[in-house]
Amino acid sequence: MKLYDYILSPSCYKVRLMAALTGVKLELRPVDFHPGLEHRGLALLALNPAGSIPIIEDGDLILTESSAILVYLAAQAAPEWLAGTKPEEAARVQQWLSFSGRLTANLGGARLHEMLLRTGDIDALQAQGIAALRELEAGLVEQNLRGQRFLAADRPTVADIACFPYVALAPDGGVSLDPYPAIRLWSRALRSLHGFVEMPGIHRLHELKPEPTVEESKA
Amino acid sequence: MHTLTTGPWTPVALSADLPVGTVIPARIPAGSIALWRSESGRLSASADRCPHRGMSLSHGFVRGENLSCIYHGWSYARSGKCVRIPAHPGLEPPEAIRAKTFAVEEAGGVIWVATDEAATTPPVLEGLMPLRSMTTSAGIAAIEAAAGAKATAEGLVVPAENADTLCLLLSARDDGQTLIHVLLKGETTADSRIAASRVAESLRRAAEDLQKKGIAA
Ligand SMILES: N[C@H](CCC(=O)N[C@@H](CS)C(=O)NCC(=O)O)C(=O)O
Ligand code: FES
């Protein structure tokens, strides 16, 4: 299974993270997203006319929407990451998968504006990003009150992975995460999952890493 | 201008939002702080500035009984004293390397930090159970207007329409934002707590509307 990938893309990171958590092996095909704009060239437009990444190619199956890709990986290797049979849980997974598209637009848009100097109304993007973070925070507070630590259940699902990267990288777009205690705890829970992988700007919990030691230099 | 008289004490966070072995950013009138809880559960508050190169200590991490800076790993004890410099493992860090610390108290599920060395204790909130904290870009006057009720000297507002169930503990910040701790009265169920959280969201929205329109100014 081949992933057209860009290391700094939060949407591609969703796929790498899901694959790592579920033990799926990906063949990575780096895309020169910036400055090359390779994703808008003829070769990649042939795979994804929308001109975005990630793209997954598996035999004759081509997937260009990260939420669909997460479902594909989970369904193959780790169905416990999908919704169970409860109607509420199934609906919540879909609710947050759809919501994740809004995060790509607002927090992702703010980040592209700040990091790659893309045009856009930064004030509006940040305001929409804050509104989305408040919605996520309220959703997580309610889940905690139901005794569930993640967005759709008391276990992580594809919905959590779909929402996590753009939220964790919100500060790159000038949007602070300080005001959201429930998001902070949720992010910690995700970052401490077995098999979690990092991307630039999103780190594993440092306290779970071994204490660094340096040999005193001998003069 | 509203002066809330909680003395030197600021309600900075809810206990439940700071599990053992974690650090979070918070604010008091003296500035930004790193609020952390050690593995054994002891609370500390220090200025959010590493004495080494000024990195935010709230970006750091807790290991055992110490707070480590994310940048070069200098570690600080509860007292603020630097106890470890990873690049010089054999060196006992000099006494002079200290992060500034503040008094911190925890009562009824709320964490309070004092601006100066406080001899007093924070206000006691009888019969209130913390639900969640939220930040709003509305000031105290706008929140009072939205709630249809005045704040007490401790910063407690009992919203007129939810007087039997809800109480807001307000803390004005120097950046014009207000930290709201949503507290619940009496017996509650999971359903009533979820309902209360939604009421608080609506109150915040109403307060920010009023703030924008300048009605509360
Ligand atoms: N199809 C959406 C698109 C994801 C997306 O927006 N990807 C960004 C990179 S992070 C992109 O390719 N943007 C195209 C561009 O900015 O030129 C998904 O898979 O979630
Ligand atoms: S800035 Fe904190 S250890 Fe260097």
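Q: What makes the meeting of Arg198(B) and Glu142(A) a salt bridge?
A: This is a predicted model, and in it the side chains of Arg198(B) and Glu142(A) come to 2.7 Å, N to O. The rule asks for a side-chain nitrogen of Lys or Arg within 4 Å of a carboxyl oxygen of Asp or Glu, so the pair Arg198(B) and Glu142(A) qualifies. Across the interface of chain A and chain B, the rule finds two salt bridges.

Q: Which elements of chain A supply the side that touches chain B?
A: Helix 5 (122-145) and helix 7 (181-191) of chain A are the elements that give two or more residues to it. Helix 5 of chain A has the largest share, with six residues.

Q: How do you know how much surface chain A and chain B bury between them?
A: The size of an interface is often given as the accessible area lost when the parts come together. For chain A and chain B that is about 2,200 Å², with 53% of it on carbon and sulfur atoms. In terms of contacts, 22 residues of chain A meet 31 residues of chain B. There are also four residue pairs in polar contact between the two chains, both residues at pLDDT 80 or more.

Q: Which residues come nearest to ligand 1?
A: Of the 16 residues around ligand 1, they are His39(A), Arg40(A), Ile53(A), Ser66(A) and Arg118(A).

Q: Why are strand 5 and strand 8 of chain B said to stand at the edges?
A: The open sheet in question has four strands in the order 5-6-7-8 (chain B), with antiparallel pairing. Strand 5 (61-63) and strand 8 (82-84) each have a single partner strand, so one side of each has no neighbour in the sheet. Strand 5 of chain B pairs with strand 6 (residues 66-68) over three bridges, in the antiparallel sense. Within that pair, Phe61(B) stands opposite Ser68(B).

Q: How do you know that strand 3 and strand 4 of chain B pair?
A: At least two bridges are required for pairing, and strand 3 (residues 31-37) and strand 4 (residues 43-47) of chain B have five, so they count as a pair. Their sense is antiparallel. Trp36(B) has Ser44(B) as its bridge partner. Both strands belong to an open sheet in the order 2-3-4-9 (chain B).

Q: What makes strand 3 of chain A a partner of strand 1 and of strand 4?
A: Three bridges join strand 1 (residues 2-5) of chain A to strand 3 (residues 55-58), and three join strand 3 to strand 4 (residues 61-63) of chain A. Each count meets the requirement of at least two bridges, so both pairings stand. Glu57(A) has bridge partners in both: Lys2(A) and Ile62(A). In the hairpin of strand 3 and strand 4 of chain A, with two residues between the strands, Gly59(A) takes a positive phi near 60°.

Terms used: Residues are numbered from 1 along each chain as its sequence is written. Chains are lettered from A and ligands numbered from 1 in the order in which they are written. This is a predicted model: local features need pLDDT of at least 70, side-chain atom pairs count only at pLDDT 80 or more; totals for chains, interfaces and linings use all residues. Side-chain values use heavy atoms; hydrogens and water are left out. Contact means heavy atoms within 4.5 Å. Buried area is the accessible area (1.4 Å probe) that two parts lose on being put together, summed over both. A polar contact is a pair of N or O atoms within 3.5 Å; within protein, one must be able to donate a hydrogen and the other to accept it, and residues adjacent in sequence count only if both atoms are side-chain atoms. A residue is near a molecule or strand if one of its heavy atoms lies within 4 Å of it.
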